[in-house]
Amino acid sequence: MTRIASPDRRAASPLRVGIVLLIASLTTAATPAPAPRRLAIVGATVFDGTGAAPRVANVLVEDGRIVAVGPDVAPPAGASVIDARGKALLPGLFDLHTHWTPAGVPATTPQIATAYVQAGVTTVNDFHEQPESYAPRRQWLASLVAPHVNFAARVSTPGGHGADWADQSTTIWVNTPEAAKAAVERLKPYKPDLIKAFTDGWRYGVAPDNTSMDEWTLGALVEGAHQAGWKVLTHTVTVDRGGVAARAKIDALAHGLQDRDIDPATLATIVAAKMAMAPTLAVYEPDKAGPPKDPASPRYRQSVAKFGHALHNVKVMYDAGVRIGLGTDAGMPGTPHGASTLRELELLVRAGLTPTQALVAGTRSSAEIMSLDGDRGTIAPGKRADIILVDGRPWERIADIRKLAQVVIDGRLVYGLGAPALPAGNRASYLPAVTVPATIDDFERPDGRSTLDTLRLETGDGGMDRTVEISQIVPRGDGGHALQLSARMAMKGDAYAGVAVPLTRGSVQPVDVRGYRGVRFDLKGAGPFLLKLNGLENSWSAPVTGTAAWTTIEIPFTMLTPVARGGKPGIAFKGDSIVQVEIGAARAPGQTVSVAFDSLRFF
């Protein structure tokens with residue numbers, strides 16, 4: 001979708017073309033070495049992911065695909081050989097529910113990718129990203145040693161979970177079938193791999209409930225998504241809402257059911273619908289951070305009770321024929337990437353599955369949930385060579401899955417003995433910074449995108465009571481246009497409304513602004529405002545005072561002060577990793593604000 005244009009939008013400037021070529025070179029440089037033409041894994045005890053008894057066999061891989069499995073398969077001349085005698089060979093693991101968020105552990109994309117590879121996880125669903133970031137993230141991941149990543153488009157309700165912190169460029173809000181169908185159409189250009197629908201507003205009994213998605217809206221969303229070829233997984237955590245999800249024909253719950261033990265009628269509805277579940281026990285384990293300080297506290301006792309319901313429901317649903325997959329909600333507090341996937345296998349066994357059943361859940365069943373079982377999830381001819389070698393017998397003792405020896409992705413050995421060193425991209429935290437032209441946004445493009453060809457974001461406050469804001473392009477009066485921001489502030493002390501202009505698509509690649517001295521823009525609107533530069537690790541702000549007439553504002557970088565994050569003081573401004581320029585306003589609860597700005601640029 002990216003289109004590079006000069007400011008008059010008639011021809012691409014050499015500078016803009018150079019930037020695109022630089023981005024392309026950065027994201028493809030040091031790409032992992034290609035897989036060998038032929039790879040033979042000999043002498044392994046093969047657990048093929050189907051639940052069949054393990055057997056000693058050789059596995060031959062050609063061009064990234066398994067071509068033969070059997071005791072008599074001989075390595076052809078010239079093949080790379082892995083001696084796997086005494087090791088278990090399994091399909092690569094799935095994690096159907098992750099969040100690649102900067103608040104997680106690890107916190108940065110290359111390190112998250114590495115954590116999954118080094119845990120034997122070869123396919124994941126990422127539920128965290130805004131659609132604008134899919135294309136640059138896919139390009140970035142192609143330059144890394146990484147699992148296959150499916151990006152989930154996020155859809156919730158106004159005031160719903162997932163909509164309580166994100167704007168609609170990240171989580172689309174719907175509350176009618178018509179809105180759900182429109183959301184699907186809006187998402188099609190981005191080519192998501194699946195939909196995550198936030199359908200259950202229950203806040204686990206520890207906070208006021210969010211809104212929930214009704215069955216008619218969810219059904220329309222599922223219908224549209226299926227017509228587009230996308231699976232739908234839902235944030236559903238209560239038994240009653242599980243029944244709603246089943247009747248709406250979703251593909252899988254992205255959590256377990258925790259409010260009570262499932263009743264026979266709801267279980268029958270779920271079984272009849274052939275709905276699956278990835279219970280994410282790892283995120284809800286009460287003792288995941290260690291023994292509680294106060295085991296008698298009401299909150300801890302409540303978490304133990306909910307976890308008991310979740311464990312019970314996994315076993316009951318599995319025994320009734322519900323397909324169970326492997327998901328963790330990794331990236332959420334206390335749920336680290338990679339390690340949590342292995343913990344989830346152990347918790348599935350704690351719930352009552354056998355080690356073999358848990359391994360099938362993490363391989364073949366998860367592939368089936370995503371309709372990827374024709375491509376991966378089992379060890380068989382024709383399947384993608386995503387394979388892990390383990391020192392142990394995890395189908396007998398599930399903890400042996402932690403004894404990872406080697407990982408092969410797409411027929412390439414990427415971890416363990418004999419694997420090449422990780423490429424430079426995996427050792428960095430971010431993509432290298434690029435530069436951009438001085439003009440950030442003149443608000444003249446007829447397609448509604450910025451001059452830098454990025455999608456503007458509304459950056460209002462979060463929570464159930466959110467400031468209502470509308471940003472739109474309006475005539476300036478001199479033949480040009482400006483961006484007008486209008487808002488009614490929420491009834492809370494930190495009410496805020498703002499608009500950010502990403503400097504690169506999806507705010508993925510950082511920008512080095514040290515070649516400039518500051519930010520200049522025209523502003524019309526009385527009162528105090530705020531200019532912010534948002535970076536990958538911090539934000540910096542400066543106060544701005546507007547008037548009722550158009551005024552040109554200049555803010556040197558030297559005026560910027562760090563914004564504290566998580567109670568910690570911010571870091572000093574360096575200008576080497578900026579991703580957005582933002583203008584906003586804080587006002588008293590219930591007040592309104594109207595401001596216009598134009599000609600946003602560096603100087």
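A: Ring pairs link Y516, W540, F557, F573 and F602 into a cluster. This is a predicted model, where local features need pLDDT of at least 70, side-chain atom pairs count only at pLDDT 80 or more, and totals for chains, interfaces and linings use all residues. Residues are numbered from 1 along each chain as its sequence is written, and side-chain values use heavy atoms, with hydrogens and water left out.

Q: Thanks! How many aromatic pairs does the structure hold?

A: The structure holds ten aromatic pairs. Rings of Phe, Tyr and Trp (its six-membered ring) pair if their centres lie within 6.5 Å; planes under 30 degrees apart count as stacked, over 60 as edge-to-face and the rest as tilted.

Q: Are Y516 and F602 stacked or edge-to-face, and why?

A: Their ring centres are 5.0 Å apart and the planes are at 15°, so this pair is stacked. Y516 lies in the loop between β21 (496–502) and β22 (518–524), while F602 is in strand β28 (residues 592–602), so the pair ties together parts that are 86 residues apart in sequence. Helices (H or I, at least four residues) and strands (E, at least two) are DSSP runs, numbered from the N terminus.

Q: And F602, buried or exposed?

A: F602 is buried, with a relative accessible area of 1%, and Y516 is partly exposed at 22%. Buried means under 20% relative accessible area, exposed over 50%, and partly exposed in between (1.4 Å probe, protein chains only).

Q: What about F557 and F602?

A: Those two form an edge-to-face pair, 6.4 Å centre to centre with 65° between the planes. F557 is in the loop between β25 (551–556) and β26 (561–562), 45 residues apart from F602 in strand β28. F557 counts as buried, at 10% relative accessibility.

Q: New topic: which ring does R476 lie over?

A: R476 lies over the face of W550, at 4.0 Å from the ring centre. The charged end of R587 sits over the ring of F529, 4.9 Å from its centre. A charge sits over a ring if NZ of Lys or CZ of Arg is within 6 Å of the ring centre and within 35 degrees of the ring normal.

Q: Now the backbone: what joins V105 and P106?

A: A cis peptide bond, with omega about -10°. P106 is in the loop between β6 (93–98) and α2 (109–117).

Q: What is the phi of D453?

A: Phi of D453 is near 65°, a positive value in a residue other than glycine. D453 is buried, with a relative accessible area of 3%.
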